[in-house]
Amino acid sequence: MDALLATIPSPDRGVWYLGPLPIRAYALCIIAGIVVAIWWGERRWIARGGLKGEVTDIAVWAVPFGLVGGRLYHVITDNQKYFGPGKDPLAALQIWNGGLGIWGAIALGAVGAWIACRRRGIPLPAMADALAPGIVVAQAIGRLGNYFNQELYGGDTTLPWGLEIYRRVTPEGREDALAGIAIDHTPIQVVHPTFLYELLWNLGVALLIVWADRKFRLGHGRVFALYVAGYTAGRFWIELMRTDEATLVFGTRVNVFVSALVFFGAVAYFIIAKSRGEREDVAALRGTGEDPAEPAAEAEAEAEAAEDKSVVEDDAAEKDKKNSPESVKPE
């Protein structure tokens, strides 16, 4: 009894209805996370020399791409939930029921951001550095949606922060963990709240990369790489604790392997990108998407061309002066 009194209760539902319109906690958390990421990213981008409104322009491309990528990754890696005997393939389209893979969201979201950056003449690494803290905080907010959905938890525990899981049923009496309501608040399980572990870890990663960015003036995508490395380090051990259904590779959850691979890739990029020097000047990079040396080289070439043109004009003027009637002496 004492253990139960110390546990964390789950919400009795994850969906409310405004007339016939369902209001889903998971969707609200995703939207709130996106808003925070854009707001904070905008502030950081302006502080780095960017223009107001550019982050929103990038988000118009990155967010839809990210949502599609996140869902694709989830459906591919958890295909057994949607395909096979007795499964409903159309459920793969029901994003409101949860299921977004961060790897797919970041990968395809980066493609959308790259397209938008190319259109605006903005270097993607610089933009990614500005967005990184907001993205990981958005992930933390999104994990609250898993809390309302009673999903992404670990094994049984007697720890005082264990999460109570309730049996949820629909008005017709059918058991449904997502759309149902918990009538009886007697827990059927008390489990590790792995979604909460990841939420807190993500907030810690956000603090780490903000601190590192301010202290070492990171640039050229290194803030984003540090975010990826920090997130995957936590996701690795948290994924090992989860007990929900997942695709296994050699008896281990596929996301454990993905976390390890992405972690090493991010660390390698972080080290290699150091050779590119100090943080880039966003104003100098504008319109090139490349190295700040390029605008300087172009300016130098233009100056040389102007100088050559001036010399030619002076020579022509001197020649005209010699051939003018005033310059011809009478014999």
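The largest cavity has a volume of about 50 Å³. A search of the whole structure turns up 1 cavity of 30 Å³ or more. Here a cavity is a set of points, on a 1 Å grid over the protein atoms alone, where a 1.4 Å probe fits but cannot get out; lining residues have an atom within 4 Å of a point. Grid points are joined across faces, edges and corners, and the volume is the space filled by probe spheres set on the points.

This is a predicted model, in which local features need pLDDT of at least 70 and side-chain atom pairs count only at pLDDT 80 or more, while totals for chains, interfaces and linings use all residues. Residues are numbered from 1 along each chain as its sequence is written, and side-chain values use heavy atoms, with hydrogens and water left out.

**Cavity lining.** Gly14, Val15, Arg24, Ala25, Tyr26, Trp96, Asn97, Asn149, Leu178 and Ala179 line the largest cavity. The lining divides into 6 nonpolar, 3 polar and 1 charged residues. In this scheme Ala, Val, Leu, Ile, Met, Phe, Trp, Tyr, Cys and Pro are nonpolar, Asp, Glu, Lys and Arg are charged, and the others, Gly among them, are polar.

Strand β1 (residues 15–18) runs antiparallel to strand β2 (residues 21–24), and 4 bridges join them. Strands are DSSP runs (E, at least two residues), as helices are (H or I, at least four), numbered from the N terminus. Two strands pair if DSSP finds at least two bridges between them. Trp16 has Ile23 in β2 as its bridge partner. The hairpin has 2 residues between the strands, and Gly19 takes a positive phi near 65 degrees.

**Buried residues.** Buried means under 20% relative accessible area, exposed over 50%, and partly exposed in between (1.4 Å probe, protein chains only).

| Residue | Relative accessible area |
|---|---|
| Cys29 | 9% |
| Cys117 | 1% |
| Thr7 | 10% |
| Gln150 | 7% |

The disulfide count is 0, where a disulfide is a pair of cysteine sulfur atoms within 2.5 Å.

**Two loop residues.** Thr7 lies in the loop between α1 (2–5) and β1. Setting aside residues up to four places away in sequence, Thr7 touches Leu159, Pro160, Gly162, Glu164 and Val190. Contact means heavy atoms within 4.5 Å. Thr7 and Glu164 are 157 residues apart along the chain, yet their C-alpha atoms are separated by 6.6 Å.

Gln150 sits in the loop between α5 (124–149) and β3 (163–165). Beyond its neighbours within four places in sequence, Gln150 contacts Ser10, Pro11, Glu164, Ile165, Tyr166 and Arg168.

Conventions:
On a 1 Å grid over the protein atoms alone, a cavity is a set of points where a 1.4 Å probe fits but cannot get out, and a pocket is an open set with protein on both sides within 12 Å along at least five of seven lines; lining residues have an atom within 4 Å of a point.
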